[in-house]
Amino acid sequence: MHPLAKRIQQKEERALAKAITLAENSGADKLELLKSIYPMQKGAHWIGITGSPGAGKSSLVNHLISFLRNKGLTVAVVAVDPTSPFSGGSILGDRVRMADHFTDPGVFIRSMGTRGSLGGLSRSTKETVRLMDAYGFDVILIETVGVGQSELDIMKLADSVAVVLNPGSGDVVQVFKAGIMEIADLFVVNKADMPGVPKLLAEIEAMLDLVKHDSPYRPPVVQTISTENKGLQELWEALLAHKEYLIESGEGSIRKLSNLKREVMEVVQHEIFQQVWTDEKENGFSWLADLEQGTTDPYTAAEQILLQRIQPADK
């Protein structure tokens, strides 16, 4: 067993933080660590919080943490913020918004930048969540970056996905384009004290009639005013009801199997890329001069790299 895994098993919070950093930075023994902690997972409820920028996701998460702690549940949070394509830096604003919980031993908050990933999450988010699960938290909240129309990676990770909307956010049809409607297990209309709530609710229900008309599960719509702690009980009940549905219908097992299959291929893809990149860097990218001179093309160069690594099957 990896040394950090042993310390996580003993509830050492510092070890959890170090393990997440190791996973984020793709340390040499990352796979050994992840193999060690995989059987240690305790079945936490993984909850995704996603939605457009400005919907109040961070505020909702902040107050939901307090709500869950009052119920005696331990909570871990992964808050993903966008990374600048210019400086490579990231303003981890959620650390500021959730500062009230830093001294609570039953809460662990980890902010991370996307580091170029385009799906609304960091590439290491799933590994981070697995580490938190192995540590033994009851609930893990995964807050994505503000999503547009295609950042749907959260559906490949969370057990339950809450899409946060608010009235006055513009044309609601934009929110429902290209899959955002399909990933929602429930909708949260936050800032429900603002004008325009009835119109937004009617639009959500109309969209659900179109998209979910043949599904046995219809995502509920919950209204919240997170800054006043209103609607949090209803939100939690809706999340628990969805968890129960996943178990009773078998949908949870189907999702898990699909996600595991995808996860294996993602690990293979990443590890092969890392090996190829390291090898080509050591060789000085021997094909780069030909590419620059126009005597070859990117596709031929890539094909040659692949052929060097694929051994023909014995006949």
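Helices (H or I, at least four residues) and strands (E, at least two) are DSSP runs, numbered from the N terminus. The legends below describe a predicted model, in which local features need pLDDT of at least 70 and side-chain atom pairs count only at pLDDT 80 or more, while totals for chains, interfaces and linings use all residues. Residues are numbered from 1 along each chain as its sequence is written, and side-chain values use heavy atoms, with hydrogens and water left out.

**Figure 1. Overview of the chain.** The chain has 13 helices and seven strands. Of its 315 residues, 45% are buried, where buried means under 20% relative accessible area, exposed means over 50%, and partly exposed lies in between (1.4 Å probe, protein chains only). Contact means heavy atoms within 4.5 Å, and among contacts between residues at least 6 apart in sequence, 75% join residues at least 24 apart.

Figure 2. Helix H10 covers residues 232–249, and its 18 residues should span 26 Å at 1.5 Å a residue, which agrees with the 26 Å between its end C-alpha atoms; the expected span is 1.5 Å times one less than the number of residues. Its buried residues are Leu232, Leu235, Trp236, Ala238, Leu239, His242 and Leu246. These residues cover an arc of only 160° around the axis, which puts them on the same side of H10, the arc being that of the directions from the helix axis to the C-beta atoms. An α-helix has 3.6 residues a turn, so residues three or four places apart point the same way. The face of H10 turned away from the buried side carries the exposed residues Ile247 and Glu248. Just after H10, glycine 250 takes a positive phi of about 85°.

**Figure 3. Glutamine 233 in helix H10.** Glutamine 233 is found in helix H10 and counts as partly exposed, at 32% relative accessibility. Leaving aside residues up to four places away in sequence, glutamine 233 touches Phe67 and Lys71. Glutamine 233 and leucine 64 are 169 residues apart in sequence, yet their C-alpha atoms are 9.2 Å apart in space.

**Figure 4. Helix H11 and its packing partners.** The 32 residues of H11 should span 46 Å at 1.5 Å a residue, and its end C-alpha atoms are 47 Å apart, which agrees. Within H11, Asn259, Glu263, His270, Val276 and Glu280 are buried, and the buried residues of this helix pack against helix H3 (30–37), H6 and helix H13 (298–309). Glycine 284 follows H11 and has a positive phi, near 75°.

**Figure 5. Helix H3 and its cover.** The buried residues in H3 are Lys30, Leu33, Leu34, Ser36 and Ile37. They cover an arc of only 160° around the axis, which puts them on the same side of H3. What covers these buried residues includes helix H1 (3–9), helix H2 (13–24), H6 and H11. Serine 26 is partly exposed, with a relative accessible area of 26%.

**Figure 6. The second largest pocket.** On a 1 Å grid over the protein atoms alone, a cavity is a set of points where a 1.4 Å probe fits but cannot get out, whereas a pocket is an open set with protein on both sides within 12 Å along at least five of seven lines, and lining residues have an atom within 4 Å of a point. The second largest pocket holds about 640 Å³ of space; grid points are joined across faces, edges and corners, and a volume is the space filled by probe spheres set on the points. Its lining has 23 residues, of which Ala44, Trp46, Asp159, Gly252 and Lys256 lie nearest the centre. Helix H6 (125–135), H10 and helix H11 (251–282) each supply at least two lining residues, and the largest share, seven residues, comes from H11. By class, the lining has nine nonpolar, five polar and nine charged residues, with Ala, Val, Leu, Ile, Met, Phe, Trp, Tyr, Cys and Pro counted as nonpolar, Asp, Glu, Lys and Arg as charged, and the others, Gly among them, as polar.

Figure 7. Arginine 218 lies in the loop between helix H9 (197–211) and strand E7 (221–223) and, at 37% relative accessibility, counts as partly exposed. Not counting residues up to four places away in sequence, arginine 218 touches Glu205, Leu208 and Asp209. Asparagine 229 lies in the loop between E7 and H10, and its phi is positive, about 60°, although it is not a glycine.
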